[in-house]
Amino acid sequence: MSATSPSLLQYNPIHNQVPVLVHGGKPICESTVILQYIDEIWPQNPLLPADPYDRAVALFWIKFADDKGLLMSKLYRGNGEEQQAAVKEWLEMLEVMEEHALIGVKKFFGGDEINMVDIAFSFVAHWLGILEDVLGLEIFKPHKFPRVSSWIQNFKSSPIIKDNLPDADKMSTFLKRGREMMLTSKSN
């Protein structure tokens, strides 16, 4: 049984999950919805392209990233064949990113500035390495995915990202303990 804060129950009573943005006392739930809201409320810092076609392409890749977000949980919670299947899915996703999403010479998905697609794929840039450490796996090989590797370096070295990512060592320690507890409870 998990402890859910009263605030979370108040602001996201449907899913009882983070993230939730509270702006002007009004809750906005779910990552992509929050990013679209931010894009509209603060247009001076656009997260989506202005061009309708480029915006549609960005929304396609955001949906793709959202659909793949559960890969983190599959990898973290899996063992044996389940974990190998999750590794295969990660590799397939990385291949799609390499061959289709990051084509052309660009620093980020949308060009020279971070946009919503970069944020949607941030789990690849930050969390995959942490999960590899926690699980003792090597999934991401930079030489096999040079475009993804370059994007990860650009994304993580951007000051707005670098200054706000959770500490990888602390997250790794936390997730290792959580996984040990999870595996212990599964075996009992």
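Okay, so across the interface of domain 1 and domain 2 the rule finds 1 salt bridge, meaning a side-chain nitrogen of Lys or Arg within 4 Å of a carboxyl oxygen of Asp or Glu. Quick caveats: this is a predicted model, where local features need pLDDT of at least 70, side-chain atom pairs count only at pLDDT 80 or more, and totals for chains, interfaces and linings use all residues. Residues are numbered from 1 along each chain as its sequence is written, and side-chain values use heavy atoms, with hydrogens and water left out.

The domains are 6-41 for domain 1 and 52-187 for domain 2; those bounds come from an automatic or database domain assignment. Their C-alpha centres sit 23 Å apart. In contact (heavy atoms within 4.5 Å) are 4 residues from domain 1 and 6 residues from domain 2.

How much area do the two domains bury between them? About 420 Å², with 65% of it on carbon and sulfur atoms; that's accessible area, 1.4 Å probe, lost on putting the two parts together and summed over both. On the domain 1 side, Thr32, Leu35 and Gln36 supply 82% of the area buried against domain 2, more than any other three residues.

Now helix α2, residues 31-41 (a DSSP run of H or I, at least four residues). Its buried residues are Thr32, Ile34, Leu35 and Asp39, buried being under 20% relative accessible area with a 1.4 Å probe, protein chains only. They're on the same side of α2, because they cover an arc of only 160 degrees around the axis, taken from the directions from the helix axis to the C-beta atoms. And Asp39 also forms a salt bridge with Arg55, closest N and O atoms 3.7 Å apart.

Notes:
Buried means under 20% relative accessible area, exposed over 50%, partly exposed in between (1.4 Å probe, protein chains only). Helices (H or I, at least four residues) and strands (E, at least two) are DSSP runs, numbered from the N terminus.
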